Amino acid sequence: MALPYGSMDYVGFIEPIVQKNHLFVIPKGLSTKKDLGIVLDIDLTDGSNKKVEFDRINITSIQVTDEYIFAASNFNQTVYLDRYQRQNKTTDTVKLNDWMVLNVGVHNGQLLATGLEMSESNSGTMSIFRTN
């Protein structure tokens, strides 16, 4: 199956997620359009696909549940944690200044994120975020 989104390989961020016959990946774009800011949902039974647009560059980690698609992105020492509600297609965002999120996970419907707090001394503090 060829899709017009460029690289979807594991490039140092997340591996693809498979959930209930759907494959979720972060396309990295083509040479003319990099970092598309989307998560691609590919139905493994028929090959159909749909874009979930987060309008963020540098999405580094996603998690998928029956209700939500979570995405983390880092830009200029600002973290955006987005929660896309799959049923009504709305997105809620938490913005954290002076942080960098490394990975996200989901446990009991709650988003967990590990990250570094960036300080003026250039030394980071590792923390775990829990959001509802």
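Trainee: In this predicted model, is K51 buried, exposed or partly exposed?

Mentor: The relative accessible area of K51 is 43%. Buried needs a value under 20% and exposed a value over 50%. K51 therefore counts as partly exposed.

Trainee: Which residue does K51 meet in a salt bridge?

Mentor: Side chains of opposite charge can pair when their charged atoms come close. For K51 the N to O distance is 3.9 Å, and the cut-off is 4 Å. The partner is E53.

Trainee: How many residues apart are R56 and D82, which also form a salt bridge?

Mentor: Their side chains meet at 2.9 Å, N to O. R56 sits in the loop between strand 6 (49–53) and strand 7, while D82 belongs to strand 9 (residues 78–85). The pair thus links distant parts of the chain, 26 residues apart.

Trainee: Is D82 buried or exposed?

Mentor: A residue is buried under 20% relative accessible area. D82 has 3% relative accessibility, so D82 counts as buried.

Trainee: Which parts does the salt bridge of D66 and K20 tie together?

Mentor: The two side chains meet at 3.0 Å, N to O, and both residues are exposed. D66 lies between strand 7 (59–64) and strand 8 (68–75), and K20 between strand 1 (17–19) and strand 2 (22–25), so the bridge ties together two loops, with the residues 46 apart in sequence.

Technical notes. Residues are numbered from 1 along each chain as its sequence is written. This is a predicted model: local features need pLDDT of at least 70, side-chain atom pairs count only at pLDDT 80 or more; totals for chains, interfaces and linings use all residues. Side-chain values use heavy atoms; hydrogens and water are left out. Helices (H or I, at least four residues) and strands (E, at least two) are DSSP runs, numbered from the N terminus. Buried means under 20% relative accessible area, exposed over 50%, partly exposed in between (1.4 Å probe, protein chains only).
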